[in-house]
Amino acid sequence: MKKIVTIFLLIFGMNSANALTDISAGVYGGLNVPVVQEDTKSGSGLGLKAKFSPSPMIAAVAFFESRKFGNPEMTIFGQNMTLDGGKVTSYGAEVLLGNTGGNPGPHFYWALGIFNYRWTRTGFEDLSKVGYHLGPGLELIVPANIGIEIRGKFEIIPTDGGGSRKNALVYVGANYHFGLGGGM
Amino acid sequence: MKKHINMILAVLLSLLIVGCIGTGTITIKHELAEFVSSNSGMEIVEVDLTTNNDYNDHKDKIKSIDQVTVIGWLVNELPAANQAQIWIADVGTYSTPDLVRENATRVFVSPVISGNDSLFVNWADGLDLIENLPTLKKAAENGHFWIYGIAEDTPFRIRFHVTLIITLTAGL
């Protein structure tokens, strides 16, 4: 949590509030795909986020996501059986680098994030760790201050023993921009 | 400037993906030969995971054992209801149920099985029936241990046909 707060303070410290170029809020949803994990299957996810852009090239985002994994299957002794894939809640912050303003038009950016990850699953101990993600995004903002966004994230959650859990996420979302303008 | 940022971050993402795919979470099935254990003829089963090709492929690169469970058939061959139990130890020298209870670690207790009846324990149920998971994980990481099949009540005669399911994170 301290790391997440620090990221926000650093970003807002880069510029005064008067220089804010965009504030937006949005919802998104999409696919949650485990990477090299035989004990889970792909699921879906939903999220909420708020974005603050102190300059047209950098922004800070706070987000909350609720996701689930699909139930893995196994056949043994001729019996087909499944296991609970579990649910994930994550919240955190990310820095966007690229075209992060709120003007109409396409905006391409990269996101670097840090988040708290909690995976609750029947029969397993909860996994609660800090994770990291990186990925590109593209938002098309129309004159009505609405943005349609598609983005990908590759996330890694380090686990005990030097291993990690990895997931790829693909989201589509809609954002409302509060009309501050700016951007490239 | 933007081109440089994009290039640097694309390279960083590629390195992150390639580097992180260096580990993965794998599910290994290790079927035990069917055995019958009774209070007068207790069966002791040596588990050598190095005979399992999937385990062998990863044993030197294990980062963590994430879960171990037992699934399969349990048959109560006596008329009285009973609960099957699996105990483990790092030696195979305990020759009676009492010695097992004194020296080994109980890792699995089945629901009550009616007399002369059978029970199938599936993947999800098996997770709920495991006890002393840290000891079981450590045994799985070592790759070599002994299983003792006994029961809650005496006399007992239980047929075990089970598979160990081991979920581990390892270098690929």
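This is a predicted model: local features need pLDDT of at least 70, side-chain atom pairs count only at pLDDT 80 or more; totals for chains, interfaces and linings use all residues.
Local features need pLDDT of at least 70 and side-chain atom pairs count only at pLDDT 80 or more, whereas totals for chains, interfaces and linings use all residues. Residues are numbered from 1 along each chain as its sequence is written, and side-chain values use heavy atoms, with hydrogens and water left out.

A:M74, A:F77 and A:W110 supply 21% of the area that chain A buries against chain B, more than any other three residues.

Chain A also carries a nonpolar surface patch with about 1000 Å² of accessible area together, its members including A:L31, A:F108 and A:V170. Such patches join nonpolar side chains (Val, Leu, Ile, Met, Phe, Trp, Tyr) within 5 Å, from residues with over 30% relative accessible area and no salt bridge (Lys or Arg side-chain nitrogen within 4 Å of an Asp or Glu carboxyl oxygen). Accessible areas come from the Shrake-Rupley method with a 1.4 Å probe.

Turning to chain B, helix 5 (residues 133-142) has B:L133, B:L136, B:A139 and B:A140 buried, that is, under 20% relative accessible area, with exposed meaning over 50%. Helices are DSSP runs (H or I, at least four residues). The buried residues fall within an arc of 125 degrees, so they line one face of the helix; the arc uses directions from the axis to the C-beta atoms. The face turned away carries the exposed B:P134, B:K138 and B:N142.

Notes:
Chains are lettered from A and ligands numbered from 1 in the order in which they are written. Buried means under 20% relative accessible area, exposed over 50%, partly exposed in between (1.4 Å probe, protein chains only). Helices (H or I, at least four residues) and strands (E, at least two) are DSSP runs, numbered from the N terminus. Patches are made of residues with over 30% relative accessible area and no salt bridge: like charges are joined within 9 Å, nonpolar side chains (Val, Leu, Ile, Met, Phe, Trp, Tyr) within 5 Å. Buried area is the accessible area (1.4 Å probe) that two parts lose on being put together, summed over both.
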